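Let us read a few features together. Look at the structure, then follow the questions.

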Amino acid sequence: MKDYPKADKEILLLSIWLHDIGHALSNHADHHIKSEEEARRFLKTIKLNSKKIEKVAHCVRAHRCRDVKPETIEAKILAAADSASHFTDGCYMDMAMSGIKKLALEKLDRDYRDVGIFPKLKKEITPIYKAWKNLIKVYPN
Ligand SMILES: [Fe+2]
């Protein structure tokens, strides 16, 4: 946040809290769509103004950089931070241990692509990316 002082903290925090809420309500592949729907529903119940709801909804929907790409600074921060978090949360190892190495490598590459929203972050992550890539490749099938 300190590198991006114009980012709206309220929008970003609401987006962080709500971006994966759809996991509890749908399958993984579509969770960004369900999360957006649930975020909109919840934010109306707390009477957040409609402009802010739209901003949070965009962040939530775009956090996976799939059908909607992050356009605002808050959406870019969320998408990059979410991807960066995977480099330390063990998800690639969980996937490799579950016998889906190919998917782990694909997710690793998508995450590495998405942290590239911020080139400085991508540079910092690069050694960890290379380490994961090497580890997953040699992990037994
Ligand atoms: Fe997610």
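This is a predicted model: local features need pLDDT of at least 70, side-chain atom pairs count only at pLDDT 80 or more; totals for chains, interfaces and linings use all residues.

Q: At roughly what angle do the axes of helix H3 and helix H4 cross?
A: Start with the axes. Those of H3 (residues 50–62) and H4 (residues 73–85) cross at roughly 30 degrees and come within 9 Å. Angles under 35 degrees count as roughly parallel. H3 and H4 are therefore roughly parallel to each other. The crossing of H3 past H4 is right-handed.

Q: Which residues of H3 and H4 meet?
A: From H3 come His-58, Cys-59, Val-60 and Ala-62; from H4 come Glu-74, Ala-75, Leu-78 and Ala-79. This contact holds 6 nonpolar residues, 1 polar and 1 charged.

Q: How many salt bridges does the count come to?
A: The general idea first. Side chains of opposite charge can pair when their charged atoms come close. In this model the count is 12 salt bridges. One of them joins Glu-36 and Arg-61, at 2.6 Å from N to O. Glu-36 lies in helix H2 and Arg-61 in helix H3, 25 residues apart in the chain.

Q: Are Glu-36 and Arg-61 buried or exposed?
A: Both are buried.

Q: Where in the chain do Glu-106 and Lys-102 lie?
A: Both are in helix H6, 4 residues apart, so about one helical turn separates them. Lys-102 is exposed, at 61% relative accessible area. Glu-106 is partly exposed, at 32%.

Note on methods:
Residues are numbered from 1 along each chain as its sequence is written. Side-chain values use heavy atoms; hydrogens and water are left out. Axes are lines fitted to C-alpha atoms, for helices over the stretch in contact, and angles run from 0 to 180 degrees between N-to-C directions. Helices (H or I, at least four residues) and strands (E, at least two) are DSSP runs, numbered from the N terminus. Angles under 35 degrees count as roughly parallel, over 145 as roughly antiparallel, 65 to 115 as roughly perpendicular and the rest as oblique. A crossing is left-handed if the near helix is turned anticlockwise from the far one by less than a right angle, and right-handed if clockwise. Contact means heavy atoms within 4.5 Å. Ala, Val, Leu, Ile, Met, Phe, Trp, Tyr, Cys and Pro count as nonpolar, Asp, Glu, Lys and Arg as charged, and the others, Gly among them, as polar. A salt bridge is a side-chain nitrogen of Lys or Arg within 4 Å of a carboxyl oxygen of Asp or Glu. Buried means under 20% relative accessible area, exposed over 50%, partly exposed in between (1.4 Å probe, protein chains only).
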